[in-house]
Amino acid sequence: MATPLSDPSLSPLRTIAVIGLGTMGTGIAEVLARAGREVVGIDISEAAAAQAAATLETATARAVQRGRLTEQERADVLARVRTSTDLTAAADADLVIEVAPESYEIKHQIFRELDGIVRPDTILATGTNALSVTRLAADSARPERVLGLHFFNPAPAMKLVEIVSSVLTAPTAVTAVTNLALDLGKEPVAVGDRPGFVADGLLFGYLNQAAAMYEAKYASREDIDAAMRLGCGLPMGPLALLDLIGIDTARTVLEAMYAESHDRLHAPAPVLKQLSEAGLTGRKSGRGFYTYEAPGSATVVPDALTPLESSERNQGREVRSVGVAGSGTMASGIAEVFAKAGYEVVLAARSEEKAQTAKARIGKSLSRSVDKGRMTAEAAARTLDLITAAGSYESFADVDLAVEAVAEDLEIKQQLFQTLDKVCKQGAVLATTTSSLPVVACARATSRPQDVIGMHFFNPAPAMKLVEVVRTVLTGEDVHATVREVCVKIKKHAVDCGDRAGFIVNALLFPYLNNAIKMVQEHYASLDDIDAAMKLGGGYPMGPFELLDVVGLDVSLAIEKVLHREFRDPGLAPAPLLEHLVAAGCLGRKTGRGFREYARR
């Protein structure tokens, strides 16, 4: 029985037209040609078409240099691509992918013209990530042949492709495009039609919150970006990423998302409008949140907002010895960090036994470092000798810096600060490692609130480079300078922020995680597809559900509640699914079940 030509899922898509030869269109053309497809690149601008051809020449030459293509393979790839400024060049295409500017007017015009040019069985794909695929399909003479095909930038490197169906899309068209994506070596994720789809739907809300945080002067652009890179393992900070994407593009995506969700977290931060309308659209214009060497350059150059060198800052107090209060993983990790930097450390807990157990944990950690060749046995022994385990906080009498790392309970912390106030000498700096409680509430429990500051280490403290340094309205300038200097000595990257819920990292991370839960709750996408989308499309080291199960769903819910209480934004209310799982005792890896099930140890 002959295969019907009208069923595209049963015949491979051999000839593909790409409309719009900007960075994305050119990247898609390269991916297709390298996978053996005949490619017709179309752009109304002759200059854009010529630039695309030149870019392909350069990219394939680089691939030859790196041993990824032979000269013959390169010649074959280039021979498979032809460019045109006329839409009629798409007449023989099995698939047309448009990546024109994000405008309904422009895209509608392209689709209407294509209706009179291409064959009846040709599939039409839009590369939009902000506009409604359904609306574009409805205006076409062949709505069942229209779908979304969202590549990520740079298209040759990024594995994720989101395949977007409208209610009108024929399953055969989805199957054909899914098979193509697999043949291109991509990982396709099937999603429904809503602005941002999965990856950008989660990513742009987070980017918007970061822009709003910067606009509120809560933290500097450098500190916001460093916090998310070092605290979450992201390849780029959010403001640098906005500059790369294009601030005008981000604003368009957010406008579309807000029009559908009416969630205030998606309402574009005013700074995005101000920068867009001033023409400061990011790297492509040479200036956005940062200033660049030239339009299109990735090299950041100093400007009026670049922070001062550390030598130009205030001088702090001398710190020779450090007290660490607590006996848990965080306390022992922080004590290890200070001892490795050469500080004398008093590790105190509520009993001598607990303190000795915590010191033993440090001994095991140092032994692992020796086994891995990260330090010598002599250095490990010297480090451990610098730590004195004590069963009473009275042993903090002579420390210059006292760091509390006890339970995340305000009453417990306040009682401890009352004790530290009594036992620590005058001039000692008192620091809390809280991740979600008000630092000023700890400060007010003492008679010296000017000496109290937040030092939020990340877990595991020996490995994680970030420390959020949290000043209250009462913290002394010399106390802040002291902690900054100490962070340099212990080889941590300090970022400054004010005393409000979540500080930088949790205030940006947990709304993103909450929105991922809402996507599953609304049956928009599966756990696996969302995790894959964020790892492959956003460069995240873990998907949101992997991370939630590691952090603990109870911990995550507590942080969500704190953020919601502080900012009173309905969009920050914890997703009901998260509350239900916590109520059922499904807390993540530690209980064997959270969003996923785990083998019991």
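Let us begin with cysteine 424. In this predicted model, the sulfur of cysteine 424 lies 14 Å from the closest cysteine sulfur, which belongs to cysteine 442. That is too far for a bond, because a disulfide requires a pair of cysteine sulfur atoms within 2.5 Å.

Is cysteine 424 buried or exposed? Its relative accessible area is 5%, so cysteine 424 is buried.

Now consider the partner in that comparison, cysteine 442. For the sulfur of cysteine 442, the closest cysteine sulfur is the one in cysteine 424, again at 14 Å and too far for a bond. Cysteine 442 also counts as buried, with a relative accessibility of 0%.

How many disulfides does the structure hold? The number is 0.

The structure holds 3 cavities of 30 Å³ or more, and the largest cavity contains about 40 Å³ of space.

Which residues line the largest cavity? They are Tyr206, Met228, Cys232, Leu234, Leu508, Leu509, Tyr512 and Tyr540. Two elements each give two or more residues to this lining: α8, spanning 221-232, and α18, spanning 505-521. Of the elements, α18 gives the most, with 3 residues.

By class, the lining of the largest cavity has 8 nonpolar residues, with no polar and no charged residues.

To summarise, the model has 0 disulfides, cysteine 424 is buried, cysteine 442 is buried, and the lining of the largest cavity has 8 nonpolar residues. Thank you for your attention.

Notes:
Residues numbered from 1 in each chain as written. Predicted model: local features only at pLDDT ≥ 70, side-chain atom pairs only at ≥ 80, totals over all residues. Heavy atoms only, no water. Buried < 20%, exposed > 50% of the residue type's maximum accessible area, 1.4 Å probe, protein only. 1 Å grid on protein atoms, 1.4 Å probe; cavity = no way out; pocket = protein on both sides within 12 Å on 5 of 7 lines; lining within 4 Å. Points joined across faces, edges and corners; volume = space filled by probe spheres on them. Helix = DSSP H or I, 4+ residues; strand = E, 2+ residues; numbered from the N terminus. Nonpolar A, V, L, I, M, F, W, Y, C, P; charged D, E, K, R; others polar.
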